[in-house]
Amino acid sequence: MPLPHEHTVQPSDLALLHVLTGPDPQAAKSSFARRDAALDPLLIAAAAASGPHVTRNHYHHDFFPGVMLPQAEGAWDWTKYTGEGSSTKARKHLTYVSRQAPRKQHLATMEEGKENDHPRETDPLKPANNLPPAAKKRRPSLISSTAPTNAEVKTRPRAQSVSESIPPSLNQSLPPVEVKCMARTRIPTPHGPAFLHLYHNNRDTKEHLAIVIDPAQLSETPDSLPVAPHIRSRSLDAVWNENETPMDRIIRGAYVGRLSSASQQASTPSTPNPGSSTLSSAIPPPLIRIHSECFTGETVGSMRCDCGEQLDEAIRQISLPIVIPPISPTSKEMTIPGRGAVIYLRQEGRGIGLLSKIRAYNLQDLGHDTVTANLMLGHQADERGYEIAGAILRDLGLGGPDSLNQISGTVRVLTNNPDKVQALEKEGIQVAERVPMIPRSWQHRIAEAGGSKIEDDGQVVHVHGSSAEVSGATMISGKAVYGEDLDKYLRTKVLRMGHMLPLLMGDPAVPIY
Ligand SMILES: Nc1nc2c(ncn2[C@@H]2O[C@H](COP(=O)(O)OP(=O)(O)OP(=O)(O)O)[C@@H](O)[C@H]2O)c(=O)[nH]1
C-alpha cells in the first residue's frame with residue numbers, strides 16, 4: 001500500500017476499490033469488512049489517490065488525527081503521528097465509523113423522488129441566520145404581522161396537489177402552505193426591466209421565485225396613481241417588526257420607484273395602489289406563466305427540450321406593451337407597459353430532480369420517450385405541484401378573488417399544459433384565458449412553409465413566425481433552433497402528455513425530423 005504522499009495508485013489499490021464498489025458487493029463482503037473496519041480500505045484507496053490534498057472531509061472522519069494537531073510533524077503525513085504524548089506511547093487503535101445514514105434509508109428517500117426536496121425541519125419563514133452582521137439587534141420572527149394567518153389561509157379553497165413527491169402520509173399532516181417574499185430587486189433583461197422576488201415557504205427548502213414584469217413601478221412615487229395597479233408582494237411590503245428601519249426595508253426590496261444614490265423611498269404596507277378605476281375594466285388581466293426550473297435547457301442551452309426558449313418567450317410576451325382601446329367616444333387609445341409575472345418553481349425535471357432527469361435522458365438515448373423514461377425510473381410522468389405557485393400569486397395579488405392584496409381578480413396563463421390551468425384553478429386562481437406557446441422552431445417552419453396560422457382544437461392560432469431566426473441557443477434572448485431531440489420532446493408532449501399544441505406532423509409542407 002503506498003503512502004499518501006507518493007501520489008501513485010497501485011493496481012492492487014484499484015483492484016481493492018473495484019471489489020468494494022463494483023457491481024457485486026456480496027463478493028466484497030466475504031473478503032473485506034465494509035463498515036466499522038479497523039482501517040477502512042476504501043478511505044485508504046481514496047487518500048492514496050488524492051495525495052497531500054486529501055479533502056477536509058477525510059480529516060474530519062478523524063482517521064488522520066495527526067493533521068489536526070499543531071504539534072504533529074509532517075502535517076498531512078499520518079504515518080509520522082505516534083500519539084498525542086511521547087513517541088514511545090503505543091499508537092491508538094484507529095477505527096473508522098461511518099456517520100452516514102444507512103444506505104437503505106438513503107435509497108428509500110431517493111425512491112420517493114425527493115432527494116432534492118426535503119421538507120424543512122425548522123420554520124423556513126423564521127429569520128435567516130446568514131444576515132449581515134450589521135443587523136445586531138435580535139430580530140423577532142420575520143413573519144409579517146399582516147401576512148395571512150393560518151386561519152386566513154385555511155379558508156381558501158385547498159387544491160389537491162398534483163405532486164406525488166410528498167408521500168401521502170406526510171401530505172396529510174402538512175400545514176396550509178404559506179409563502180413569504182424575502183427579497184426583491186430590479187433585473188434588467190433584454191426584453192425590459194423585471195423585479196426578481198425570492199420566496200421562502202413552509203413546504204420545502206427551495207427558493208422559489210417570481211419574476212414580476214411591471215416597469216410602470218419604476219416611476220412610482222408614494223402618491224402617484226398608476227393607470228394599472230402595481231404588482232407588489234404583500235408579504236414583502238408588510239412591516240416585519242417594530243424595529244425595522246427604512247434602510248432595512250429598502251435593502252430587502254420594499255421600496256417604491258427606482259433606487260439610486262439620490263432616491264431611496266421605502267414602501268409602506270399600504271403601497272399597493274388601486275390604479276385608475278375608470279380604466280380598470282379595459283385593462284386585460286396580467287399575463288402570467290408558471291415555469292418549472294430546467295438547468296439543462298435554461299443554463300446549458302440544451303436542445304433536448306424547449307424550456308430555455310419558453311422562459312425567454314414568456315418574459316418577452318409579458319413585457320410587450322398593452323394597447324387599451326378608447327373607453328369612451330371622447331377618449332383616445334392608450335398604451336401602457338406590459339405587466340405580469342413568471343412564477344419560477346424549482347421543480348427540476350418535472351419534479352423528479354436533476355439527478356433523475358439525467359438518468360432519464362440516458363434512457364431516452366436508448367430509445368424511450370420522456371414519459372416512459374420517467375416511469376422506468378419509478379417516477380410519474382409529472383410530479384409537480386402548484387400549491388406554492390398559487391400562494392405566490394395570491395401574495396402578488398394576482399388571480400384570486402379572495403386575495404388579500406387584490407391587484408387583479410383574474411389572470412391570463414401562458415401554457416400549453418391543461419393540467420397547469422386545472423391545478424391553478426384548484427388553488428383558487430381565476431384563469432380568464434390560456435395563452436398558447438408555440439415553439440419558436442415550429443413558428444419558423446410554419447412561416448417558411450408559407451403558413452400564417454394553424455389550427456388548435458378548431459381554434460385559430462395566429463403565428464408570429466415570420467421574424468423567427470434559426471441560429472443561436474434557446475436561452476434568454478436566444479433564437480429559434482431545430483433539432484431531432486427537441487422535436488421528439490415536443491411531439492411526446494402533444495401525443496402523450498396532452499399538451500395543447502397543434503402538431504405539425506400532419507402537414508407535409510413542414511419538415512419534421
Ligand atoms: N423528467 C424530465 N423532465 C424534463 C425533460 N425535459 C424537460 N423536463 C422538465 O420539464 C419541465 C418543463 O415542463 P414541460 O413538460 O416542458 O412543459 P410544461 O411546463 O408542463 O408546459 P408548458 O407550460 O406548456 O411549458 C422542466 O422542469 C424541465 O426540467 C425530460 O426529458 N424528462
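Select E387, I388, A389, G390, A391, I392, L393, R394 and D395: these are the buried residues of helix α14. Buried means 20 or more other C-beta atoms within 10 Å of the residue's own, with C-beta atoms placed from the backbone; 12 or fewer is exposed, and in between is partly exposed. Helices (H or I, at least four residues) and strands (E, at least two) are DSSP runs, numbered from the N terminus.

A word on the model: it is predicted, local features need pLDDT of at least 70, side-chain atom pairs need 80 or more, and totals for chains, interfaces and linings use all residues. Numbering runs from 1 along each chain as its sequence is written.

Now show all of α14, residues 387-395. Here 9 of the 9 residues are buried, so the helix is largely enclosed by the rest of the structure. Step just past α14 to G397, with a positive phi of about 75°.

Next, pick I392. Leaving out residues up to four places away in sequence, I392 touches V179, Y199, H208, A210 and I343. Touching means C-beta atoms, placed from the backbone, within 7 Å.

I392 also belongs to the largest nonpolar core, which has 55 residues. Such a core is a set of buried Ala, Val, Leu, Ile, Met, Phe, Trp, Tyr and Cys residues joined through C-beta atoms within 7 Å. Colour A210, I211, V212, A341, I343, I392 and L396, which touch the most other members.

Of the 22 residues around the ligand (C-beta atom, placed from the backbone, within 6 Å), S292, C294, T415, N416 and N417 come nearest. Helices α11 (307-319), α12 (354-365) and α13 (370-376) each give two or more residues to the shell.

Zoom out. The protein chain has 17 helices and 13 strands. Of its 513 residues, 34% count as buried.

How values were computed
Contact = placed C-beta atoms within 7 Å.
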